[in-house]
Amino acid sequence: MPSKDYVYKTSGSLEIAATVYYRQDEPRSSKKPIAIGFHAGGFTIGSRFLFNSNEIDALLDFGFVVISADHRLCPHVSLYDGPIEDAKDAFNWARTTLPDLIKKDVNIDIDGDRIVAFGQSSGGTLALHLGSLPNPPRAIAAFYAAAYFSDEIWTQPTPGADMMPPIDKAFAESVYDEAPASMTIVAPQQFIAPGTMPMPNLSVPRDAWMALAFKEGQHLSRCVKDGDFGRVDPATYFSPKFPPTVFLTGTDDTFINPKFSKQAHAQLSGLKVETKLVLAEAGQHGYNFGMEKDDVRFQETVLPGYEFLADHV
């Protein structure tokens with residue numbers, strides 16, 4: 001599919017990029033809406049290229065121009081000052097700056113006022129944070145997003161982390177000797193099986209740092225840095241003015257407990273916000289990774305999230 005890369009922000013010498021996907025062979029009777037997405041990776045690893053291309057293609061089918069945005073990665077920067085701030089800046093760039101750029105570069109008209117957001121895992125958390133903006137997305141799709149950071153589960157070892165081999169702390173801490181980053185490449189061999197997240201590469205300090213933090217139940221606190229969990233918790237900002245939101249999660253997710261998506265759906269429903277909950281039966285964390293568009297599970301547990309977005313533009 002055609003795409004174009006842009007640098008939407010710089011931080012010091014670090015360029016932070018987004019890739020814009022589009023179709024040029026369609027009739028253009030009106031301006032296209034925008035869907036901006038944020039990748040998984042525990043705020044620590046991953047990149048804008050981590051999304052399943054079938055999901056980007058599905059959004060293109062609905063008539064969107066699709067943006068996948070990088071953000072600065074922890075632990076060199078705090079969660080609030082890095083990923084959350086960058087997600088907001090990427091969203092505002094997409095609303096205000098991209099329309100003129102994409103018109104000039106590929107002659108496509110897009111409507112910065114008709115914009116929605118989506119994200120997976122930590123990216124779902126970032127997408128939810130956009131709901132607190134003065135001009136928020138028209139709708140949000142949050143796949144197995146992390147939230148409710150006052151829950152004690154966030155201070156406990158992540159289930160399954162005890163199966164990882166021992167990690168040398170000095171090696172993991174050597175990540176701080178590296179330059180700050182806004183993306184990492186996830187190698188094909190890290191994808192163990194469809195329907196699950198890629199495994200961290202423990203021969204790389206950054207991945208080892210993240211894995212060790214999960215093993216010790218300290219990942220969230222080490223990303224937050226200042227102990228202010230409230231301001232990085234998207235549920236803090238839920239209100240009757242929050243955008244329509246769909247939550248999607250696997251029922252067997254042991255990495256981010258599905259209770260958080262259920263709780264968020266219930267809380268927004270109680271606030272009279274339009275909301276929907278999609279449960280992937282027996283789905284693990286990253287249940288949609290590697291799914292094909294003709295898979296019935298894609299039709300039942302992934303596509304409804306993007307249909308929800310399309311219904312609101």
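**Group meeting: a walk through a predicted protein chain**

Let's start inside, at N288: leaving out residues up to four places away in sequence, N288 touches N52, E55, Q120, F143, Y144 and V302, where contact means heavy atoms within 4.5 Å. So where does N288 sit? You'll find N288 in the loop between β8 (275–280) and α10 (296–301). N288 is buried, with a relative accessible area of 0%. For that word, buried means under 20% relative accessible area, exposed means over 50%, and partly exposed is in between, using a 1.4 Å probe and protein chains only.

Before going on, a bit of housekeeping. This is a predicted model, where local features need pLDDT of at least 70 and side-chain atom pairs count only at pLDDT 80 or more, while totals for chains, interfaces and linings use all residues. Residues are numbered from 1 along each chain as its sequence is written, and side-chain values use heavy atoms, with hydrogens and water left out.

Okay, the overall picture. The protein chain has 11 helices and eight strands; these are DSSP runs numbered from the N terminus, with helices being H or I of at least four residues and strands being E of at least two. The radius of gyration of the protein chain is 18 Å, close to the 20 Å from the globule rule for 313 residues, so the chain is as compact as a globular protein of that length. That radius is taken over C-alpha atoms, and the rule is 2.2 Å times the number of residues to the power 0.38. If you like boxes, the C-alpha atoms fill one of roughly 60 × 45 × 40 Å along the principal axes. Of the 313 residues, 58% count as buried. And among contacts with a separation of 6 or more, 75% come from residues 24 or more positions apart.

What does the record say? UniProt, in an unreviewed entry, places "domain: Alpha/beta hydrolase fold-3" at residues 38–131; its positions are given in the numbering used here, feature names are shortened, and annotations may be inferred rather than shown by experiment. Over residues 38–131 the chain is 46% helix and 18% strand, and the end C-alpha atoms are 14 Å apart.

Now, is L309 buried or exposed? L309 is buried, with a relative accessible area of 0%, and its place is in helix α11 (residues 303–310). Setting aside neighbours within four places in sequence, L309 is in contact with several residues, including L59, F64, V116 and I140.

For contrast, take T236, in the loop between α8 (229–232) and β7 (245–250). T236 is partly exposed, with a relative accessible area of 45%. Its C-alpha atom is separated by 26 Å from that of G46, 190 residues apart along the chain.

Most residues other than glycine have a negative phi, and most peptide bonds are trans. Here, though, S121 has a positive phi of about 60° although it isn't a glycine. S121 is in the loop between β5 (110–120) and α4 (122–129), and it is buried at 5% relative accessible area. Y148 also isn't a glycine, and has a positive phi of about 55°. Y148 lies in the loop between β6 (140–143) and α5 (169–173) and is buried, at 9%.

And which peptide bond is cis? The one from C74 to P75, with omega near 10°. Look for P75 in the loop between β4 (65–69) and α2 (80–96).
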